[in-house]
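Dear colleague,

Please find the structure handed over below, with its sequence.

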Amino acid sequence: MLAEMSKLFIISRFTSCNKLIQGALGSNLCSKKFCLSAAKYSDTGQSDAPRVLVEKDANITLIGINREQQRNSIDAATAVKLSEAINQFEADDTSPVGVLYGVGGSFSAGYDLKELEAEAQRGSLNFLLRHEGSVGPTRRHLRKPIICGISGFCVASGLELALLCDLRVMEDTAVLGFFNRRLGVPISDGGTVRLVAAVGYSNAVDIIETGRRVYATEALRIGLVNRIVATGTALGQAVNLAFSIAKFPLASLQHDRNAALDNANVYSRPGFHAAVSNEIMNVTAAMVTNMQEGVKRFKTSEAKGPKTDAWHVKEKSLPNWERAEIEIEQLLKKKK
């Protein structure tokens, strides 16, 4: 899995920033500032770089996960910073809409594997019990709209972060999925609630139980994302979409948005909080054992080479006599 992710990173790292800057410069809605900032941190790899970037483009707040070397995985410190950034955006009366994105080619690979391994070795589930969520403020409704710009890999808890947002703009080469299924790590940041609400029960259990990849075309078809855009343009297009929403009168927009949250079955506030609580309160000791074994398997698979397409239906092998019959039939068709 990581080998393929690295290939995508090498390609997208050199192309996405150039496309992003060109797209932003060519748009009347986007400024240079956020694109150049994202490109700067993407190329430096500075150890002292902020974990989360927060900037404003006019009245749009941009929040960037900035752990490129860790594929924008979320550790405890990053989760705290992300929650703080979103809380500050919600308290900013001058910014009606925000954009959440990942710096450097991928949105987020989910919860930080090293920290997860340490938690599993201690037999601890403390990371699941954080008040707002293990990767950000995922156990509550956002008070204002946030648009998610999805590039590269948006998997595991990263997908739960994307589902937290009102709308999702996905690049045509990006990949979604609950890859944590392979590690035995439960979904714990509202993913089971929001995914069912977004795509329906049948599609949701397919994605949850198989842990398979979901590509852009399918994601758009089932309602998991709202827009498909060219590789390298997710951030710029998400900002464009944010501006198109921010131009409307805020009071009525917020009224209608809140009404939709209250009236949608699984999103109704009492039901939502009960469902999110069920995610974390039903975690068992057996899951800790599964996590420990899952992390070991993952590290072993990295050494041997990942088997990322194991879920695909394999082609049926044909006996020699059947192959011969098929060849004869094909020759007869050609003669006719």
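**Salt bridges and burial**

Glu90 is buried, with a relative accessible area of 9%; here buried means under 20% relative accessible area, exposed over 50% and partly exposed in between, with a 1.4 Å probe and protein chains only. Please note that this is a predicted model, in which local features need pLDDT of at least 70 and side-chain atom pairs count only at pLDDT 80 or more, while totals for chains, interfaces and linings use all residues. Residues are numbered from 1 along each chain as its sequence is written, and side-chain values use heavy atoms, with hydrogens and water left out.

Glu90 forms a salt bridge with Arg143, and the closest N and O atoms of this pair are 2.8 Å apart. A salt bridge is taken as a side-chain nitrogen of Lys or Arg within 4 Å of a carboxyl oxygen of Asp or Glu. Since Glu90 lies in helix α3 (residues 76-91) and Arg143 in the loop between α4 (113-121) and β4 (146-150), the pair ties together parts that are 53 residues apart in sequence. Helices (H or I, at least four residues) and strands (E, at least two) are DSSP runs, numbered from the N terminus. Arg143 is partly exposed, at 48% relative accessibility.

A search of the whole structure finds nine salt bridges. One of them joins Arg257 and Asp166, with the closest N and O atoms 2.5 Å apart. Arg257 belongs to helix α10 (residues 250-263) and Asp166 to the loop between α5 and β6 (167-171), so this pair ties together parts that are 91 residues apart in sequence. Arg257 is buried at 13% relative accessible area, whereas Asp166 is partly exposed at 28%.

Asp206 and Arg212 also meet through their side chains in a salt bridge, at 3.0 Å from N to O. Asp206 is partly exposed, with a relative accessible area of 29%, and Arg212 is buried, at 11%.

**Helices α5 and α6**

Two packed helices are described by the angle between their axes and the distance between the axes. For α5 (residues 157-164) and α6 (residues 191-199), the angle is about 55 degrees and the axes are 9 Å apart. Axes are lines fitted to C-alpha atoms, for helices over the stretch in contact, and angles run from 0 to 180 degrees between N-to-C directions. The two helices α5 and α6 are therefore oblique to each other; angles under 35 degrees count as roughly parallel, over 145 as roughly antiparallel, 65 to 115 as roughly perpendicular and the rest as oblique.

The contact (heavy atoms within 4.5 Å) involves Glu160, Leu163 and Leu164 of α5, together with Gly191, Arg194 and Leu195 of α6. As for burial, eight of the eight residues of α5 are buried.

**Positive phi values**

Ala156 has a positive phi of about 55 degrees although it is not a glycine, and it counts as buried at 9% relative accessibility. Arg71, in the loop between β2 (60-65) and α3, has a phi near 55 degrees, a positive value in a residue other than glycine. Arg71 is partly exposed, with a relative accessible area of 21%.
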